[in-house]
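Trainee: Could you go through this chain with me, slowly please?
Mentor: Gladly; have a look at it first.
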Amino acid sequence: MLIESQDDMEVVGEAGDGAEATERLAVTAADIVLMDVRMPRMDGVEATRVIAARGERPRVVVLTTFDLDEYVYSALHAGASAFLLKDAPPEVLLAAIRDVHAGDAVVAPSATRRMLERFLSEPAAPRPDGDPRLADLTAREREVLELIARGRSNQEISAELFLAEATVKTHVGRILAKTGSRDRVHLVVLGYDTGLVAPAG
C-alpha cells in the first residue's frame, strides 16, 4: 500500500520466500527488491546471491528486525545494496528505495560501520597492499576508500582531504569502476574485507 501510494513507484510482484522471489524475478523486470532475511526454502541471503549474480538490476534492499542481525553482513556480501530495519518510518523506507535506485548508499554510515565491526572477523594479517582488488587504485583513491569504509560521507571526506566535493565524487566513481563494486555500501565491505580498515576492538 505504501509503495503503490507513490506516483513514481509500482509493485510488480510479491513472493512468499526466497525461492519464489528468484523464480518470479527471472520473468519479471524490477528495479528494487525488498528482501526479508529469514524465510523458508531459500533465505534472503541465498536469494540475494542468486539475484545479484544475474546483473546490475534489480538492486536488493534487505529488511531485518535487528540493526545488528548477523545475517545482514552476509546479505551485503552476497550483493545486497542496503539494509533497513522493518520498523523504519514510511518516509525512510521510501527514501531508501529511491536512493538505492539512484545507486547511492542508504544505510547510515555509522550503522554500516557498527554492523561490520560487530560481525566481520578481524583479519589475521591485513595486507591491503597485496590484495588484487586494490591493485589498480592510486594512493589517493585508497585514502578515499579507507574513509568511505570508516563511514565518512563525501562532504566529510572533502573536508578531511582538502578536496572539492566534486573531486571526491569522481574518486568514488573511479573506485567503484576499478574494484567492480556495485555501490558505496560494497566499498565499505571491501575496505573491511581487504584489511584496509580493521574492525574495532
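Trainee: What should I know before I start?
Mentor: This is a predicted model, in which local features need pLDDT of at least 70 and side-chain atom pairs count only at pLDDT 80 or more, while totals for chains, interfaces and linings use all residues. Residues are numbered from 1 along each chain as its sequence is written, and side-chain values use heavy atoms, with hydrogens and water left out.

Trainee: How many helices and strands are there in the chain?
Mentor: The chain has nine helices and three strands, where helices (H or I, at least four residues) and strands (E, at least two) are DSSP runs numbered from the N terminus. Along the sequence they come in the pattern α-β-α-β-α-β-α-α-α-α-α-α.

Trainee: And what share of the residues counts as buried?
Mentor: Of the 201 residues, 46% count as buried, a word that means under 20% relative accessible area, with exposed being over 50% and partly exposed in between (1.4 Å probe, protein chains only).

Trainee: Which residues of helix H1 are buried?
Mentor: In H1, which spans residues 18–25, the buried ones are Gly18, Ala19, Ala21, Thr22 and Leu25. They lie on the same side of H1, because they cover an arc of only 160° around the axis, the arc being that of the directions from the helix axis to the C-beta atoms.

Trainee: What do they pack against?
Mentor: The buried residues of H1 pack against strand S1 (32–36) and helix H2 (44–52), and contact here means heavy atoms within 4.5 Å.

Trainee: Which residue caps the N-terminal end of H1?
Mentor: That is Asp17, which has a side-chain oxygen 3.0 Å from the backbone nitrogen of Ala19.

Trainee: New topic: what does UniProt say about Asp36?
Mentor: The unreviewed UniProt entry carries the annotation "modified residue: 4-aspartylphosphate", which covers Asp36, although such annotations may be inferred rather than shown by experiment; the positions are given in the numbering used here, and feature names are shortened.

Trainee: Where does Asp36 lie, and what does Asp36 touch?
Mentor: Asp36 lies in strand S1, and, leaving aside residues up to four places away in sequence, Asp36 touches Gly44, Leu63 and Lys86. Asp36 counts as partly exposed because its relative accessibility is 26%.

Trainee: Last one: is Ala29 buried or exposed?
Mentor: Ala29, which is found in the loop between H1 and S1, is exposed, with a relative accessible area of 71%. The C-alpha atoms of Ala29 and Val12 are separated by 7.9 Å, and these residues are 17 residues apart along the chain.

Methods:
Polar contact = N/O pair within 3.5 Å; in protein donor to acceptor, adjacent residues only side chain to side chain.
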